[in-house]
Amino acid sequence: MTLENKAVISTAVVVDVDASETGNSSRMDSIARRLRDAVESAFSRDASVDPTECLAWDWLNDSDTNFGRCADCNRLVSNYEQPHQIRTLIDARIVDGTLLCDECAYSRREGASADA
Ligand SMILES: [Zn+2]
C-alpha cells in the first residue's frame, strides 16, 4: 500500500433508536444525511479538506459491539485494545477492574501521584 500524506479525522453522533427502527427508517436516514451535509458545509471553502461522504453505522444493541460507559464521567466509550472497537467513541480501558475513558484514567493517575 502506498502511503499518503493525509489524515482521516472522524466524528460521530449517538442516536436514540426506537426498538422498531432498523437503520433504514426515514428518521435515521435524515439524521445521517444531516450529519454528512454538516461536514460538507463546514469545509466547503477549504480545498485541503475532502469530506469522505462515508457514513458508518455501529449498532450498540449488537451483543459483540465493544462499548460501555466510563465509570467516572458516564460518556460512551470503546476499549480500543479489544475487538469490534468503535473508533468514533472515546478510547477506554479497564483500570483496576473499572472501565475508564482516557481522560478519567489520566485524572485518576494524576490524582494518585499528587497524593503520593
Ligand atoms: Zn471518563
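Is cysteine 54 buried or exposed? I began my notebook with that, keeping in mind that this is a predicted model.

**Cysteines**

I found cysteine 54 exposed, at a relative accessible area of 57%. Next I looked up cysteine 73, which is partly exposed at 30% relative accessibility. I then searched the whole structure for disulfides and got zero. For anyone new to the term, a disulfide is a covalent bond joining the sulfur atoms of two cysteines.

**Helix 1**

I moved on to helix 1, which covers residues 26–42. Its 17 residues, at 1.5 Å a residue, should span 24 Å. I checked the end C-alpha atoms and they are 24 Å apart, so the two agree.

Which residues of helix 1 are buried? I noted Met28, Ile31 and Ala32.

**Positive phi**

Last, I turned to backbone angles. Most residues other than glycine have a negative phi. Glutamate 53 is not a glycine, yet I read a positive phi of about 60 degrees for it. I located glutamate 53 in the loop between helix 1 and strand 1 (68–69), and it is exposed at 54% relative accessible area.

Histidine 84 also has a positive phi of about 60 degrees without being a glycine. I traced histidine 84 to the loop between strand 2 (76–78) and strand 3 (90–95). At 51% relative accessibility, histidine 84 is exposed.

Conventions. Residues are numbered from 1 along each chain as its sequence is written. This is a predicted model: local features need pLDDT of at least 70, side-chain atom pairs count only at pLDDT 80 or more; totals for chains, interfaces and linings use all residues. Side-chain values use heavy atoms; hydrogens and water are left out. A disulfide is a pair of cysteine sulfur atoms within 2.5 Å. Buried means under 20% relative accessible area, exposed over 50%, partly exposed in between (1.4 Å probe, protein chains only). Helices (H or I, at least four residues) and strands (E, at least two) are DSSP runs, numbered from the N terminus. The expected span of a helix is 1.5 Å times one less than its number of residues.
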